[in-house]
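Here's a quick briefing to read with the structure open in your viewer.

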2 protein chains.
Amino acid sequence: MRVLILGGDGYLGWPTAMHMSLRGHEVCVVDNYLRRKISRETSSEPLLKAPDLEERASIFNELTGYYIKVVIADCSIYEDLSALIKEWQPDTVIHYAEQPSAPYSMFGLHEARLTFKNNLDSTFNVIWAIKEHAPDCHLIKLGTMGEYGTPNIDIEEGWIDIQHNGRSEKFLYPRQAGSLYHTTKVLDTDLIWFYVRVYGLRVTDLMQGPVYGLSTNEANIDDRLLPFFHYDDIFGTVVNRFLIQAIVGIPLTVYGEGGQTRGYINIKDTVQCVDLAMSKPAESGELRIMNQFTEQFTVNELANRVSRVGNKIGLNVQIQSLKNPRKEAEEHYYNAKHSGLMELGLEPHYMTDEVIEGMLRKLLNYKSSIDVNKILPRVTW
Amino acid sequence: MRVLILGGDGYLGWPTAMHMSLRGHEVCVVDNYLRRKISRETSSEPLLKAPDLEERASIFNELTGYYIKVVIADCSIYEDLSALIKEWQPDTVIHYAEQPSAPYSMFGLHEARLTFKNNLDSTFNVIWAIKEHAPDCHLIKLGTMGEYGTPNIDIEEGWIDIQHNGRSEKFLYPRQAGSLYHTTKVLDTDLIWFYVRVYGLRVTDLMQGPVYGLSTNEANIDDRLLPFFHYDDIFGTVVNRFLIQAIVGIPLTVYGEGGQTRGYINIKDTVQCVDLAMSKPAESGELRIMNQFTEQFTVNELANRVSRVGNKIGLNVQIQSLKNPRKEAEEHYYNAKHSGLMELGLEPHYMTDEVIEGMLRKLLNYKSSIDVNKILPRVTW
């Protein structure tokens, strides 16, 4: 298949590109280095300096013989994205081209506006470019479990049947997110669902929980192929932050009561899920939505796991509650369904003690690269 | 009160401005003449050529002694809107500054992009300008009943209590609209609700049904103060189109089966509703949503009414079904609640035979200005 990956330089984009290439697909990645730019501007650089996208593709080619086409362009500029889709004629577009940091999106007007415009414009553009130039192409869109927020009822996979005054209707599951970033994804969903209905696009929306992990099978080939590993308050997801804190001896920072429950996924399973979705595309006129995580934890449970494993291997891991920098429920009901990807054949990598130990041991090799000033929250809302 | 009206040149904006001014409020209107520009570009000019906004305000001042401040600016440019809100310090902002034509938004890429950017950027900007410079200001946002679409269950006023697997939660009522224009309003709602929760803004969202009517009490002072009256397929709402068709002897164009049901409102009541919402503002941190219409009809019922009244006064009115140019349900359940504005004191002007006759008789005076080439649908989706 011909695969176009938008945001192909990112934490998920780059491992996905390598995976698809090694599976024999023709892969093109596009990125405008927005993540690298914001990382520099906010002192949120990843643990290891990654070669730029063209260098990554070149190293990958040297080591494997496989070729990934690289285009440096901005998906929020219609003419650029449109020309690429017209020329490349992808069978699948995987859309990761969004500013994904919740804290960044809440920092101030500039950051909110950048997030809002980048994310909405990229989504609008990919919809229209596909409609105009590759209408049968399957769009795989990364959504987020954060779109649902933390409702007091079970979270279904994208849709809900509502019984009301003796009648019933199926709707998109109501979404109510906790940051502007997550809210842009809610808007994406509304927009995509409209155009799926009207123009018969075929779309899979993967509602992903927080991702963790340093590497994938493909990235293990060479350290220069590792995805970005962020452990800062801007781009670092909670598990990755805890792992680094355990290593440098900063207490694991639990926000507030620590009862926040989310569904987590190993980065290896992200790649696997996208592959499964690509192998069995949505129908024309279908918005297929699947919740992309493998297990649910509270933040306290995560902290306890990392602490237990860290202490077992000789680290001195403490846990400390911080005043919550975010407006969010700290104790809440949470029960999210996630059977769709299992039914497609997902074989989960769960967060066992062995997996946590493996990540800690690998990160210990890079201890000297850790900047402890990046760890505590700098944005509140 | 100090009132800022965004989109103050429009069908609803201008009558609202006059009304608020005559009620003793300090009124500032802002507009970028986008509607006039699109009207020219699409041959959708209104029945009567309206003086420009500064002339309108000047005529209004001569005739009444009341002063309306006019600013020609684009609300989709943050710096301009922000400076205005900072300087004017409104108690209430009434946000009509959106591209409101469903057919225009469905015409092609250019029109879709203009609608998407204009509407979303204006809403984003007004939220941020209020947050930064007038955080206690009450935002009155014009939504649309079209956000709800035509679900198979009762339409509530903005919110719904969902029972699911033995638990319950209150959500924004699920929205699923029939055009990109209406979808931009869905996105507006999601965005506003997020910022209301996080920053404690006070917002009233008026979910308005199709508006009809030529004039309001204030506009009756002088024909030069009349709001735009569109009868074309781009900006003309269905009742206004039927009235004009009755006058020129073109059969009333019912799209498809004609079972499409909507909630309608007289333009006099739009002004009244906005006044009521302004007098009793939403609380800080509240998104108050009210459905703004007074009575429900099918398109067939509307056609029959206009036809009956037209024939009674000597016109020869026929009704003709056209192949539906839109993707929409032509027979569907529809039961929308609308008690909120009644509880605030709305005294409706219903669409009686006398009201229809009055509109027809007034329009007969302008029969020679009607361009019959503007009436049939030019956009399909």
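Which side chain does Arg175(A) meet in a salt bridge? That would be Glu147(A), with 3.1 Å from N to O. Bear in mind that this is a predicted model.

**Salt bridges in chain A**

- Over all chains, the structure holds 42 salt bridges.
- Back to the opening pair: Arg175(A) sits in the loop between strand 7 (167-172) and helix 7 (180-199) of chain A, while Glu147(A) sits in the loop between strand 5 (138-144) and strand 6 (159-164) of chain A, so their contact ties together parts that are 28 residues apart in sequence.
- Both ends of that pair are out of the way: Arg175(A) counts as buried because its relative accessibility is 10%, and Glu147(A) counts as buried at 0%.
- Chain A also has a network of salt bridges, which links Asp9(A), Arg36(A) and Arg56(A).

**Salt bridges in chain B**

- Arg23(B) and Asp275(B) bring their side chains together in a salt bridge, at 2.9 Å from N to O.
- Arg23(B) belongs to the loop between helix 1 and strand 2 (26-31) of chain B and Asp275(B) to helix 9 (residues 267-279) of chain B, so this pair ties together parts 252 residues apart in sequence.
- Another salt bridge joins the side chains of Arg378(B) and Asp233(B), with an N to O distance of 2.7 Å.
- That pair links distant parts of the chain, 145 residues apart: Arg378(B) is in the segment after helix 12 (353-364) of chain B, and Asp233(B) is in the loop between strand 9 (211-212) and helix 8 (238-248) of chain B.
- Arg378(B) is partly exposed, with a relative accessible area of 36%, but Asp233(B) counts as buried at 4% relative accessibility.

**The sheet of chain A**

- Seven strands of chain A make an open sheet with parallel pairing, and their order is 3-2-1-4-5-8-12.
- At the edges you'll find strand 3 (68-72) and strand 12 (287-292) of chain A, each of which pairs on one side only.
- From one strand to the next, the twist averages 20°.
- Strand 1 (residues 2-6) and strand 2 (residues 26-31) of chain A run parallel and are joined by five bridges.
- Who sits across from whom? Val3(A) stands opposite Val27(A) of strand 2, and Leu4(A) has Cys28(A) as its bridge partner in strand 2 of chain A.
- In a regular strand, side chains alternate between the two faces of the sheet.
- Strand 2 of chain A has five of its six residues buried, so the rest of the structure largely encloses it.
- Helix 4 (residues 78-88) of chain A lies across strand 1, strand 2, strand 3 and strand 4 (92-95) of chain A, and runs at about 165° to strand 1.

**Helix 8 of chain B**

- How many of the 11 residues of helix 8 of chain B are buried? The count is 10, which leaves the helix mostly covered.
- Among the buried residues are Val238(B), Asn240(B), Arg241(B), Phe242(B) and Gln245(B).
- The cover over the buried residues of helix 8 includes strand 9, strand 10 (252-255), strand 11 (261-266), helix 10 (299-312) and helix 12 of chain B.
- Just after helix 8, Gly249(B) takes a positive phi of about 80°.

- Asn118(B) is in helix 6 (residues 109-133) of chain B, and at 9% relative accessibility Asn118(B) counts as buried.
- Leaving aside residues up to four places away in sequence, Asn118(B) touches Leu34(B), Asp74(B), Ser76(B), Ala97(B), Glu98(B) and Gln99(B).
- On the surface, Leu22(B), Leu63(B), Tyr66(B) and Ile221(B) form a nonpolar patch, with about 320 Å² of accessible area together.
- Leu22(B), one of the patch residues, is in helix 1 (residues 13-22) of chain B and is partly exposed, with a relative accessible area of 31%.

Methods: Residues numbered from 1 in each chain as written. Chains lettered and ligands numbered in written order. Predicted model: local features only at pLDDT ≥ 70, side-chain atom pairs only at ≥ 80, totals over all residues. Heavy atoms only, no water. Patch = residues over 30% accessible without salt bridge, like charges linked within 9 Å, V, L, I, M, F, W, Y side chains within 5 Å. Areas by Shrake-Rupley, 256 points an atom, 1.4 Å probe, with all protein chains shown as cover. Salt bridge = Lys/Arg side-chain N within 4 Å of Asp/Glu carboxyl O. Helix = DSSP H or I, 4+ residues; strand = E, 2+ residues; numbered from the N terminus. Buried < 20%, exposed > 50% of the residue type's maximum accessible area, 1.4 Å probe, protein only. Pairing = 2+ DSSP bridges. Axes fitted to C-alpha atoms, helices over the stretch in contact; angles between N-to-C directions. Contact = heavy atoms within 4.5 Å.
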